[in-house]
Amino acid sequence: MLTSFFPGFALGFSLILAIGAQNAFVLRQGLRREHVFAVCLTCAVSDAVLIAAGVYGMGSLAQAVPWFEPAMRYGGALFLLCYGAMSFRSAWRGGASMDMSGERVSGLTATLATVLAFTWLNPHVYLDTVVLVGSISAQYDDRVSFALGAMLASFVFFFSLGYGARALGPLFAWPRAWQVLDAGIGVVMWGIALKLVAM
């Protein structure tokens, strides 16, 4: 069991470690302390569903449905361009800080809709989590343990990112730090979007 569990955990952790649109959003929610548990849980459960789909043979969907991959790619790019523009606008306006008094908190429904879009409209999720994890899991006799390891990695990573962001609270007491973060998120979003279009 452990000979399959630990490789699954290592692979799952490595695939989500890179800063991407979803991770940047989780980080921002953690810093703002808005719906952190719900956001982290949504990301981790979504990953678990995708990992299960990959391990149990649904990684061939992109090959079976020719229009699926380009539709996800261009739809995801459009979403990232729009969200990136919003981040750049926030950076330009400035004024945000960790002092949340008087600041409007985003609703739970809108927040979850956003994080679900970051997760399910990103074609890299299907290529990495479904296709890659699914194909590598076939090399192990105990595919269930491999999948459980990869799923646990997602839960550990997202909850660590969401709640660990609070340690950066003193830094983000200054509005300038928020401007830099928003601008950085915008760059990440647009960079991923351009990469998707260029694929």
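The model is a predicted one. Its protein chain contains nine helices and zero strands, and buried residues account for 44% of the 199 residues. Among contacts with a separation of 6 or more, 90% join residues 24 or more positions apart.

**Overall fold**

- Read from the N terminus, the elements of the protein chain follow the order α-α-α-α-α-α-α-α-α.

**Nonpolar cores**

- The largest nonpolar core comprises 27 residues. Val26, Leu80, Phe118, Phe158 and Met189 are the residues with the most contacts inside this core.
- At least two residues of this core come from each of α2 (21–32), α3 (36–55), α5 (68–93), α6 (108–120), α8 (143–164) and α9 (175–198).
- Phe158, one of the residues with the most contacts inside the largest core, is in contact with Ile16, Gln22, Asn23, Val26, Cys40, Cys43, Ala44 and Asp47 when its neighbours within four places in sequence are left aside.

**Packing of α3 with α8**

- The axes of α3 and α8 come within 9 Å and cross at roughly 160°. Because of this angle, α3 is roughly antiparallel to α8.
- The crossing of these two helices, α3 and α8, is right-handed.
- The contact of α3 with α8 consists, by class, of 18 nonpolar, three polar and two charged residues.

**Packing of α2 with α8**

- The axes of α2 and α8 lie 7 Å apart, and the two helices pack at an angle of about 40°. The helices α2 and α8 are therefore oblique to each other.
- From α2, the contact draws on Gln22, Asn23, Val26, Leu27 and Gly30. From α8, the contact draws on Phe157, Phe158, Leu161 and Gly162.
- By class, the contact of α2 with α8 has five nonpolar, four polar and no charged residues.

- Phe118 is located in helix α6. Its relative accessible area is 3%, so Phe118 is buried.
- Not counting residues up to four places away in sequence, Phe118 touches Ala21, Gln22, Phe25, Phe79, Leu80, Tyr83 and Met189. Of these partners, Leu80 and Met189 are also listed among the residues with the most contacts inside the largest core.
- Phe118 and Asn23 are separated by 95 residues in sequence, while their C-alpha atoms are 9.2 Å apart in space.
- Thr111 also belongs to helix α6. Thr111 counts as buried because its relative accessibility is 3%.
- The residues touched by Thr111 are Phe25, Gln29, His35, Val39 and Ser106, not counting residues up to four places away in sequence.

- Ser46 is placed in helix α3. With a relative accessibility of 5%, Ser46 counts as buried, because the threshold for burial is under 20% relative accessible area.
- Leaving aside neighbours within four places in sequence, Ser46 is in contact with Leu116, Thr119 and Trp120.
- Ser46 and Ser154 are 108 residues apart in sequence, with a C-alpha to C-alpha distance of 9.3 Å.

- Arg33 is situated in the loop between α2 and α3. Although Arg33 is not a glycine, it has a positive phi of about 60°.
- The relative accessible area of Arg33 is 48%, so this residue is partly exposed.
- His35 is likewise found in the loop between α2 and α3. The phi of His35 is near 50°, which is a positive value in a residue other than glycine.
- His35 counts as partly exposed because its relative accessibility is 26%. His35 is also one of the residues touched by Thr111.

Notes
Residues numbered from 1 in each chain as written. Predicted model: local features only at pLDDT ≥ 70, side-chain atom pairs only at ≥ 80, totals over all residues. Heavy atoms only, no water. Core = buried A, V, L, I, M, F, W, Y, C linked by side-chain atoms within 4.5 Å. Buried < 20%, exposed > 50% of the residue type's maximum accessible area, 1.4 Å probe, protein only. Helix = DSSP H or I, 4+ residues; strand = E, 2+ residues; numbered from the N terminus. Contact = heavy atoms within 4.5 Å. Axes fitted to C-alpha atoms, helices over the stretch in contact; angles between N-to-C directions. Parallel < 35°, antiparallel > 145°, perpendicular 65-115°, else oblique. Left-handed = near helix turned anticlockwise from the far one by under 90°. Nonpolar A, V, L, I, M, F, W, Y, C, P; charged D, E, K, R; others polar.
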